[in-house]
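This report goes through the arrangement of chains, domains and helices in the structure shown below. It begins with the relation between the copies and then turns to the parts within each chain.

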2 protein chains.
Amino acid sequence: MAILDDLRGQLSRVFHAGAGATTLAVSGTGTSGLEAAVANLAEPGRRALVVVSGYFGDRLAQLLTRYGCEVSRLDVEWGRAVDPEAVRRALAERRADLVAVVHAETSTGVRNPVAEVAAIARGYDALTIVDAVTSLGAMPFDMEGWGVDACFSCSQKGLGAPSGLAPIAFSARAIERRVACRSFYLDLGLLEDYWVRRKYHHTISAPLVYAFAVALQEVEDEGLPARWQRHEHHHLALVEKLQAIGLSLFPAAPDRLWSLNAVRVPSGVDEASVRRRFLEKHAIEIGAGLGPLAGRIWRVGLMGSGSTAASVDRLTQAFADALGH
Amino acid sequence: MAILDDLRGQLSRVFHAGAGATTLAVSGTGTSGLEAAVANLAEPGRRALVVVSGYFGDRLAQLLTRYGCEVSRLDVEWGRAVDPEAVRRALAERRADLVAVVHAETSTGVRNPVAEVAAIARGYDALTIVDAVTSLGAMPFDMEGWGVDACFSCSQKGLGAPSGLAPIAFSARAIERRVACRSFYLDLGLLEDYWVRRKYHHTISAPLVYAFAVALQEVEDEGLPARWQRHEHHHLALVEKLQAIGLSLFPAAPDRLWSLNAVRVPSGVDEASVRRRFLEKHAIEIGAGLGPLAGRIWRVGLMGSGSTAASVDRLTQAFADALGH
């Protein structure tokens, strides 16, 4: 129980959740964190505006629909960040109770301007839900400073633990406006009873808790600003080294994630055979493009303990080899 | 993916799920397995009869209510098993689409007669949902032979792995009658897409999968009948040794679990101080009684790799010490 108390504090600091927020971890993967955020804030009669700029934005829209919200989608071309002014126009046209946006869109390698979107949402008195799965621990995230009301992440990306626990945080405002949660497993009230008031709810996975506590201690030992800078540094190094062998990134430079690099597939290259060669010859798994970006990009992660100069070198050599340089 | 295929086969055999069933593991604890069973079978308009003979029967009723069912409770005195004829009378009086029952009621140490209940439910064309959290791997369970339609368990009890994965199985009949699942994380269709058709749904916890695969291999190496017999043997040995120091079990002999022993607190004994002494002097955690059995029983687990002669001896010595024998 003492470790769980520490974990709550560590997670609150890594989200920069602030004093009034409630922070804990759901016993499941990042997707369970997404569902917990939605299940405690969405219900029939509530309206949601969802920024859909990739696969995970679409998933946000799906979840809010499953939980009964009337969902408006703000579709953004895959590979671009949302223009905050488009959010303002959408809200001016049709008010919403919830605004949902993915911070680091893993399917496109693009960062959405969460601070700006959350400020606009607050101007319309809407709660902002943010998917921070691929950003937390790897890129600046400031729940309190940005005015985010609910955010969730995973344990295995920027935070560098095994998957299986999903950090989640709710602002005081979100807690005031939470709904009667249909889910028992993801009910914030019951999770708080368990984490804070030590009332039995489920049997949390002890090895995952121990591993996560160690990983979060490593995050604090490194320091968040230094950790972000490390991710930025190796991202930029990869971009430069790939450029030297004729490869470029798909998103515009200011919108690029530091944790997930969307590399453009050069014309005439069979992207699947490159991924196969990475896996078979170099023991590196890189992701394929999804949806409209299928065949057009590779998705290359540099996250947590994987964001190193050695990873950048291995990746560059593997690309050079696979492309016959 | 090959390990996940093996895992499905192992879980199907340990449930004795049969050829037409769908078996996999939910990425969460046993409680997530409970919610997955309910979320895919319960909806407003469906009627459920729930056997409530303890804390976990009550939880089944809560979940079915959350998912919109009209729930009738068949309340049974805590510490007793349900009489199957009471189930028959309840169904004759008020038909139900779902009958839910806990096989091994962890709060009372009592086994309910699932085979008989499921046969009666089938006679009324109801689906049977069974909580096998504290029985699977420790006591005989025969999903196909008994005609169970949905059952779930956990990884850390009779199966002896860390917690964090929840085995679940649905009969062909249950799959035919499943509802549109509101949950995304627990949607059987999406989970099948992931486990069977390798379509991304969530990032399963690799260390939990590896540990579970090893634990299930150990179950198969030992053999289920031998494993059940081991649990029975050490349960009976504990009962005998406790009797020698003046302690007896709360449930009637034929209804007792082999995995969880409900030991009667002798009159005049401060049960909490006994538990404290177990923890502080012997590094053994035993459970308190819950609900109407608070202060009246201790709950002592002998499960998985913990069901050994050495555990029986340690427990007996700890009781003798704590009670001043």
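Through which surface do the copies meet?

## How the copies meet

The model is predicted, and in it the copies meet through the same surface, because 100% of the interface residues of chain B are also interface residues in chain A. The contact draws 26 residues from chain B and 26 residues from chain A. On the side of chain B that touches chain A, at least two residues each are supplied by helix H2 (30-39), helix H3 (55-66) and helix H9 (206-222) of chain B, and the largest share, 4 residues, comes from H2(B). Sorted by class, the residues on this side of chain B comprise 9 nonpolar, 14 polar and 3 charged.

## The symmetry relation

Two copies of a chain are related by a rotation about an axis and a shift along it. Here, chain B is superposed on chain A by a rotation of 180 degrees with 0.0 Å of shift along its axis, and the RMSD of that superposition is 0.0 Å. This is the relation of a two-fold axis. Among the residues of chain B, the one that comes closest to the rotation axis is Gly28(B), whose C-alpha lies at 2.5 Å.

## Two domains in chain A

Chain A is divided into domain 1, which covers residues 2-222, and domain 2, which covers residues 224-322. Taken over C-alpha atoms, the centres of domain 1 and domain 2 of chain A are separated by 26 Å.

Where the two domains of chain A touch, 24 residues of domain 1 are in contact with 23 residues of domain 2. On the side of domain 1 that touches domain 2, the elements of chain A that give two or more residues are strand E6 (110-111) and helix H9 (206-222). The residues on that side of domain 1 of chain A divide into 11 nonpolar, 10 polar and 3 charged.

## Helices H1 and H9 of chain B

Two packed helices are described by the angle between their axes and the distance between the axes. In chain B, helix H1 (residues 2-15) packs with H9(B) at an angle of about 40 degrees, and the axes of the two helices are 10 Å apart. H1(B) and H9(B) are therefore oblique to each other, and H1(B) passes H9(B) in a left-handed crossing.

From H1(B), the residues Ile3(B), Leu4(B), Asp6(B), Leu7(B), Gln10(B) and Val14(B) meet Val209(B), Phe212(B), Ala213(B), Leu216(B), Val219(B) and Glu220(B) in H9(B). By class, this contact of H1(B) with H9(B) contains 9 nonpolar, 1 polar and 2 charged residues.

## Helices H2 and H3 of chain A

In chain A, helix H2 (residues 30-39) and helix H3 (residues 55-66) pack at an angle of about 45 degrees, with their axes 10 Å apart. H2(A) and H3(A) are therefore oblique to each other, and H2(A) passes H3(A) in a right-handed crossing. The residues that make the contact are Leu34(A), Glu35(A) and Val38(A) of H2(A), together with Arg59(A), Leu63(A) and Leu64(A) of H3(A). By class, the contact of H2(A) with H3(A) has 4 nonpolar and 2 charged residues, and no polar residues.

## Helices H11 and H12 of chain A

Helix H11 (residues 271-282) and helix H12 (residues 309-322) of chain A pack at an angle of about 120 degrees, with their axes 10 Å apart, which makes H11(A) oblique to H12(A). H11(A) passes H12(A) in a right-handed crossing.

The contact is made by Val274(A), Arg277(A), Phe278(A), Lys281(A) and His282(A) on H11(A), and by Arg314(A), Ala318(A), Asp321(A) and Ala322(A) on H12(A). By class, the residues in the contact of H11(A) with H12(A) divide into 4 nonpolar, 1 polar and 4 charged.

Conventions
Residues numbered from 1 in each chain as written. Chains lettered and ligands numbered in written order. Predicted model: local features only at pLDDT ≥ 70, side-chain atom pairs only at ≥ 80, totals over all residues. Domains from an automatic or database assignment. Contact = placed C-beta atoms within 7 Å. Nonpolar A, V, L, I, M, F, W, Y, C, P; charged D, E, K, R; others polar. Least-squares fit on C-alpha atoms with pLDDT ≥ 70 in both. Axes fitted to C-alpha atoms, helices over the stretch in contact; angles between N-to-C directions. Parallel < 35°, antiparallel > 145°, perpendicular 65-115°, else oblique. Left-handed = near helix turned anticlockwise from the far one by under 90°.
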